[in-house]
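Here's a walk through one protein model, from the overall picture down to single side chains. Have the structure open as you read.

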Amino acid sequence: MRRAFGPVLATSRTVTRNIHTHRLPPLLISDKPYASLSHHHQFSTSARTMTEKVDDITKWASQDGEFRRKPSVFRNCVSKDPDAQYPAEKGRYHLYISWACPWAHRTALVRKLKGLEDIISISVVDWYLGKLGWKFSPPEETPGATIDHLHNYSHLRELYFSVNPEYEGRFTVPVLWDKKTSSIVNNESSEIIRMFNVEFDDIIEEKYKGVTFYPDDLKEKIDELNEWVYDTVNNGVYKSGFASKQEVYESHVVKVFKSLDRLESILGSSSGPYLFGDRLTEADIRLYPTIVRFDPVYVQHFKCNLGTIRHNYPNIHKWLKHLYWDIPAFKETTNFEHIKKHYTKVCIHVDCSVLNLLLTQDCQQSHTQINPYSITPLGPIPDIEPK
């Protein structure tokens, strides 16, 4: 039975004001790395050159305690128009993603849902995000990851610097790469999924042509829903989890659950299994990566624990299970091992010369300030419940 949200919030505020919290001591990190180093999510670092000292990208919040996501830099588009700068062509484009990253997850989903797997090739970074950003690993080392199939780079940042050695933006996934011009077309997930939705329709299999997740008659409603879902749910969990002040955290986590209440109501009154009735749309695709991560990660790791999807939101839970179990693309692009390890694990090496466990400059947990001892919770079991 779903609990009333108001009393839960009231209790939460009372408890948090009366608990004296203690910060765990940070891990000791060696300032003398023993190995050569050469490695984003929708958050990362700024750097002027590949040899310049890299900022610590694992420090997420600003001084006021807020996490502020920076806008993506590369915003060109693939087009049906054969005379466009980036025309739709089979085999020309390559997608860089992380199974752990919810933003990249969107693009992998639409690539599969639109039958683009033979049109657009793919490379998958390791689940580990360190000070140098995302790294590539062979699948023998990290199942589910791949090497960089195009350039054999060790880290995604090298791809960005290959385009501009003076690049000062973030080394994010997803990245849509043009093999012909050796350039980054786009690194904004919301725009990449729009391209995948329609711009390749002339060259895909007949059964995928005309399949759209952004239909003309629903565009306005989808855009309106996307706006508040992005701010308070997709990005809201991060603003809660990366907050470094109590009042900032409380402000955002309350918004997360108010929006979940709103989504619960929308699905409860929907005429079909989706947010907009019987049509799977971009709104469902953009929401899914956050909801499938919610119970396994965001409840504990980002302290979004005023409720769980499986116990407190029956309509959202039913929607989630339908997508995961009934539409293969959703399950096939969901890698719980990458998701859980990315948020919680630390990479540790042994320095045999001194018989000590040391952390190299690039080998640190993605979210050290949240989980300094790299403990991965065992639950929930299962990661997603059967139908």
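## Charges over rings

## What you're looking at

This is a predicted model, in which local features need pLDDT of at least 70 and side-chain atom pairs count only at pLDDT 80 or more, while totals for chains, interfaces and linings use all residues. Residues are numbered from 1 along each chain as its sequence is written, and side-chain values use heavy atoms, with hydrogens and water left out.

The protein chain has 12 helices and 8 strands; these are DSSP runs numbered from the N terminus, with helices being H or I of at least four residues and strands E of at least two. Of its 387 residues, 56% count as buried. Here, buried means under 20% relative accessible area, exposed means over 50%, and partly exposed is in between, using a 1.4 Å probe and protein chains only. The chain exposes about 17600 Å², with carbon and sulfur atoms supplying 53% of that; accessible areas come from the Shrake-Rupley method with a 1.4 Å probe, and for residues only the protein chains shown count as cover.

## Aromatic pairs

A pair of aromatic rings is described by the distance of the centres and the angle of the planes. Rings of Phe, Tyr and Trp (its six-membered ring) pair if their centres lie within 6.5 Å; planes under 30 degrees apart count as stacked, over 60 as edge-to-face and the rest as tilted. The structure holds 24 aromatic pairs. One of them is Phe-242 with Phe-302, edge-to-face at 5.2 Å centre to centre and 70 degrees between the planes. This pair links distant parts of the chain, 60 residues apart: Phe-242 is in the loop between helix H6 (236–241) and helix H7 (246–269), and Phe-302 is in the loop between H8 and H9. Phe-242 is buried at a relative accessible area of 3%, and Phe-302 is buried at 0%.

Tyr-288 and Phe-330 are also edge-to-face, with 4.8 Å centre to centre and 80 degrees between the planes. This pair likewise links distant parts of the chain, with Tyr-288 in helix H8 and Phe-330 in helix H11 (residues 328–332), 42 residues apart. Both Tyr-288 and Phe-330 are buried.

Which residues do ring pairs link into a cluster? They are Trp-103, Tyr-230, Tyr-238, Phe-242, Phe-257, Phe-294, Tyr-298, Phe-302 and Tyr-343.

Ala-283 lies in helix H8 and is buried, at 2% relative accessibility. Its C-alpha atom is separated by 5.9 Å from that of Ile-222, 61 residues apart along the chain. Not counting residues up to four places away in sequence, Ala-283 touches Ile-222, Leu-225, Asn-226, Leu-275 and Phe-276, where contact means heavy atoms within 4.5 Å.

Thr-232 lies in helix H5 (residues 219–234) and is buried too, with a relative accessible area of 12%. Leaving aside neighbours within four places in sequence, Thr-232 is in contact with Lys-255, Val-256 and Ser-259.

Lys-303 is found in the loop between helix H8 (282–301) and helix H9 (309–312), and is partly exposed, with a relative accessible area of 32%. Ser-374, not a glycine either, has a positive phi of about 55 degrees. Ser-374 sits in the segment after S8 and is buried, with a relative accessible area of 8%.

Two cis peptide bonds turn up as well. The bond from Gly-379 to Pro-380 is cis, with omega near -5 degrees, and Pro-380 is in the segment after strand S8 (356–358). The bond from Ile-381 to Pro-382 is cis, with omega near -5 degrees, and Pro-382 lies in the segment after S8.
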